[in-house]
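Reader: Before we go through the contacts one by one, could you show me the model and then take up its charged pairs and its helix packing?

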Amino acid sequence: MTNSKRDGFGSRFGVLVAVAGSAIGLGNLWRFPYLVGNNGGAAFIVVYITVAIVLCLPIMISEFIIGRRTQSNAIGAIKKLAPKSGWLSIGVISVATAFMISCFYSVVGGWTLEYIVKSFSSGFLVNDSGALTKTFSNFTTSPVRPAVMMLIYLAINAFIVSAGIKNGIEKYAKILMPALFVLIIILAIRSLTLPGAQAGLSFLFNPDFSKLTAGSVLAALGQAFFSLSVGMGCIITYGSYVDKKENLMNISLTTAIADTTFAILAGLAIIPAVFAFGISPGEGPGLVFITLPQIFAQMPFGHVISFAFFVILLVAAITSSISLLEVVVAYFVEELKMSRRVATLITFSVIGLFGVLCSLSLGELKEMTLFGKNMFDLFDYTTSNIMLPVGGLLIVLFVGWKIRREDVRDELFNGGVIPFKRTLFNWIMIGIKFLAPIAIAFILLNGIGLIKLF
Ligand code: TRP
C-alpha cells in the first residue's frame with residue numbers, strides 16, 4: 001500500500017512538531033482559559049484531563065491507525081477500508097467539520113494579527129476595561145477590517161499548505177513549535193511572579209466539584225476534542241503522512257502530553273495575572289483580547305509583552321489551522337485529482353467566503369441567527385460539542401468493530417517490529433471498543449439534554 005510518490009513527513013521530530021502543532025492552538029490559549037474561568041476552575045481542569053486521556057487518546061490512536069494504514073485523505077481512507085458503506089459518513093463529517101472550524105478559526109486568527117499590530121499603537125494599552133471592551137467590540141463588529149485580517153491570515157495558511165508536507169507544514173512547525181514553548185514559559189513565569197498571583201493558582205488547582213453541571217462536562221469533552229484535534233479526520237490525514245517505522249502509540253501519547261502541558265502553561269500565563277490585577281476570570285471569549293491587554297497596560301514593557309503574547313497566539317493558531325486546511329486540500333488532491341496549488345486556492349476561496357460571513361455575523365449580520373446563535377457561535381458550538389464527539393464516536397466504533405483486530409495490532413506494533421505487549425494492547429482495545437464510545441455517547445446525550453444523568 002505504500003506509494004513512493006506521495007509526500008510525507010521527513011523525520012520523527014517533524015511528525016511530533018507537526019501533530020503537536022495541530023493540537024496546540026487557539027484551543028489552548030483562547031478557549032481553554034475562558035472555559036476554565038466560566039466553569040469554576042480546577043474541577044473543570046480535572047474533568048478535562050480525564051476526558052483527554054481516557055476518551056481522546058483512544059480516538060487519536062484510532063485515527064492514526066486509519067490514516068497510516070491507508071495512506072489516504074480522510075474520505076479516501078474510509079473508502080479503502082470499507083468501500084461503499086455507511087462508514088463513509090466519517091469522511092464526509094471530517095471534511096465538513098474541517099471546513100466549518102476553519103471559518104471561525106480564521107476569524108480569530110485575523111483578530112490576533114490585528115492585536116499584534118495594535119500592541120505598539122499609542123492609546124491601545126490602557127488600564128480601563130470599558131475602553132478595551134469598546135476597542136474589541138468596535139473592531140470585531142466592524143464590517144471590513146476584521147474580514148481583511150481574516151483573509152490575510154488565511155492567505156498565510158494557504159501559502160504554507162500549498163508547499164506540501166515536508167517543505168511546508170513540517171518545515172514551519174519545526175521552527176515555530178519550539179519557539180512557542182519558550183515564549184509561553186517566559187510568559188507563565190512573568191505571570192506567576194506578579195504579587196497576588198497566588199489566588200489564581202488556587203483557582204486553577206483547588207477543585208470545587210459542586211460547580212460542575214452537565215453542560216460543563218460536555219464543554220470539557222468538546223474542548224478536549226477540539227484541543228487534541230480529534231474527531232474529524234485531521235489526525236487521519238496527518239497519520240497518512242507518517243512513516244511506517246514510527247510508533248503510533250508513542251506519537252499519540254507525546255502529543256496528548258504536550259497539548260495538555262501547553263494548556264496548563266497557558267492557564268498559568270493568563271489566570272494568575274488576571275487575579276493579580278483583581279479582574280474576574282469568567283470574562284468569556286473576550287478574556288485574551290480584553291482582559292489581557294488591561295493587564296499588559298499595568299506592566300512595565302507592556303507593549304513588548306502584549307506583542308509577544310499575540311505573536312504566540314498567531315503562531316499557535318497557524319500551525320493548527322494548516323492542519324484543518326490540509327484535511328480539505330488532501331481530499332481535493334487525491335479524490336478530485338486536482339493539483340495541490342489549485343486545491344489550496346479553491347479551499348482558500350471557499351473558507352474565505354464563509355469566513356467573511358462568520359466575521360460579519362458578529363456585526364452587520366448579527367440578526368441572522370439559527371437556534372438563537374449567530375453563524376460564528378453556531379459553527380463554534382456545533383463543531384466542538386456535537387460534530388467532533390459524533391465523529392470521534394464513529395471513528396472508535398469503526399476501528400474497534402469494523403477493522404480486524406489483527407490489522408489494528410499490526411498497525412500499532414508495526415507488524416511485530418515493536419515488541420508486542422498483550423496487556424497494553426488489550427487496554428487500548430477496551431478503550432477503543434467500549435470505554436470511549438459508551439462514555440462519549442452518555443456525555444453527548446446528557447449534555448444536549450436528551451437523557452438526564454447528572
Ligand atoms: N487543536 C487546535 C486548537 O486547539 C484546533 C484544531 C486543529 C482542531 N485541527 C483540529 C480542532 C481538528 C478540532 C479538530 O486550537
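Author: Asp407 forms a salt bridge with Arg404, the closest N and O atoms being 3.5 Å apart, where a salt bridge is a side-chain nitrogen of Lys or Arg within 4 Å of a carboxyl oxygen of Asp or Glu. This is a predicted model, in which local features need pLDDT of at least 70 and side-chain atom pairs count only at pLDDT 80 or more, while totals for chains, interfaces and linings use all residues. Residues are numbered from 1 along each chain as its sequence is written, and side-chain values use heavy atoms, with hydrogens and water left out.

Reader: Is Asp407 buried or exposed?

Author: The relative accessible area of Asp407 is 19%. Buried means under 20% on this scale, exposed over 50%, and partly exposed in between, with a 1.4 Å probe and protein chains only. Asp407 is therefore buried.

Reader: Which residues are linked with Asp407 in a network of salt bridges?

Author: A search of the whole structure finds 17 salt bridges. The network that includes Asp407 links it with Arg68, Arg69, Lys244, Arg404, Glu406, Asp410 and Glu411.

Reader: How many residues apart in sequence are the parts that Glu411 and Arg68 tie together?

Author: The side chains of Glu411 and Arg68 meet in a salt bridge of 2.7 Å, N to O. Glu411 lies in helix H17 (residues 405–412) and Arg68 in helix H3 (residues 42–70), so the pair ties together parts that are 343 residues apart in sequence; helices here are DSSP runs (H or I, at least four residues), numbered from the N terminus. Both Glu411 and Arg68 are buried, and the separation asked for is 343 residues.

Reader: Which residue forms a salt bridge with Lys118, and in which helix do both lie?

Author: The closest N and O atoms of Lys118 and its partner Glu114 are 2.9 Å apart. Lys118 is buried at a relative accessible area of 15%, and Glu114 is buried at 3%. An α-helix has 3.6 residues a turn, so residues three or four places apart point the same way. Lys118 and Glu114 are four residues apart, about one turn, and the helix that holds both is H5 (residues 88–118).

Reader: How many residues of helix H13 are buried, and which helices do they pack against?

Author: Helix H13 (residues 287–297) is mostly covered, with 10 of its 11 residues buried, among them Phe289, Gln294 and Phe296. Contact means heavy atoms within 4.5 Å, and the buried residues of H13 pack against helix H2 (26–38), H5, helix H6 (129–141), H12 and helix H14 (302–335).

Reader: At what angle do the axes of H12 and H13 cross?

Author: Axes are lines fitted to C-alpha atoms, for helices over the stretch in contact, and angles run from 0 to 180 degrees between N-to-C directions. In this contact, Ile270, Ala273 and Val274 in H12 meet Leu287, Val288, Thr291, Leu292 and Ile295 in H13. The axes of H12 and H13 come within 10 Å and cross at roughly 55°.

Reader: How are H9 and H12 oriented to each other?

Author: The axes of helix H9 (residues 198–205) and helix H12 (residues 248–276) come within 7 Å and cross at roughly 135°. Angles under 35 degrees count as roughly parallel, over 145 as roughly antiparallel, 65 to 115 as roughly perpendicular and the rest as oblique. H9 and H12 are therefore oblique.

Note on methods. Helix = DSSP H or I, 4+ residues; strand = E, 2+ residues; numbered from the N terminus.
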